[in-house]
Amino acid sequence: MWIFNTKALICAFAGFAGFLISVKWNDSRDLAMFVAIICAMLFDVALRFFDDETENSSINPEAGGHIWFVPIWGVGILLLIFGGLSHFHLI
């Protein structure tokens with residue numbers, strides 16, 4: 001399996017689009033980072049939810065985007081935690 005599969009690139013593009021829209025709309029890069037992560041996670045969950053070809057689509061690599069064998073929503077949760085802690089200067 002590749003580090004970034006095609007669906008992961010689609011989710012990354014959705015996150016980048018959310019980032020650009022958020023920066024244009026409210027001019028806050030911190031908030032835009034959170035919007036980008038949430039957009040990528042929601043897009044990945046939507047891809048998994050509407051995938052009928054796999055049996056266990058929540059963790060199946062063929063159902064959604066994976067980064068180094070970890071689903072995007074798993075990586076996104078970690079990034080949200082570390083981003084929030086960094087924003088409030090806790091780490």
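The text below takes a helix pair and then the pocket.

This is a predicted model, in which local features need pLDDT of at least 70, side-chain atom pairs count only at pLDDT 80 or more, and totals for chains, interfaces and linings use all residues. Residues are numbered from 1 along each chain as its sequence is written, and side-chain values use heavy atoms, with hydrogens and water left out.

Helices here are DSSP runs (H or I, at least four residues), numbered from the N terminus. The axes of α2 and α3, lines fitted to C-alpha atoms over the stretch in contact, come within 9 Å and cross at roughly 165°, with angles running from 0 to 180 degrees between N-to-C directions. α2 is therefore roughly antiparallel to α3, a term for angles over 145 degrees. Their crossing is left-handed: the near helix is turned anticlockwise from the far one by less than a right angle.

The largest pocket holds about 240 Å³ of space. A pocket is an open set of points on a 1 Å grid over the protein atoms alone, where a 1.4 Å probe fits, with protein on both sides within 12 Å along at least five of seven lines; the volume is the space filled by probe spheres set on the points. Its lining comprises 15 residues, each with an atom within 4 Å of a point. Ile37, Ala40, Ile67, Ile72 and Leu79 lie nearest the centre. α2 gives the most to this lining, five residues.

Definitions and conventions. Helices (H or I, at least four residues) and strands (E, at least two) are DSSP runs, numbered from the N terminus. Angles under 35 degrees count as roughly parallel, over 145 as roughly antiparallel, 65 to 115 as roughly perpendicular and the rest as oblique.
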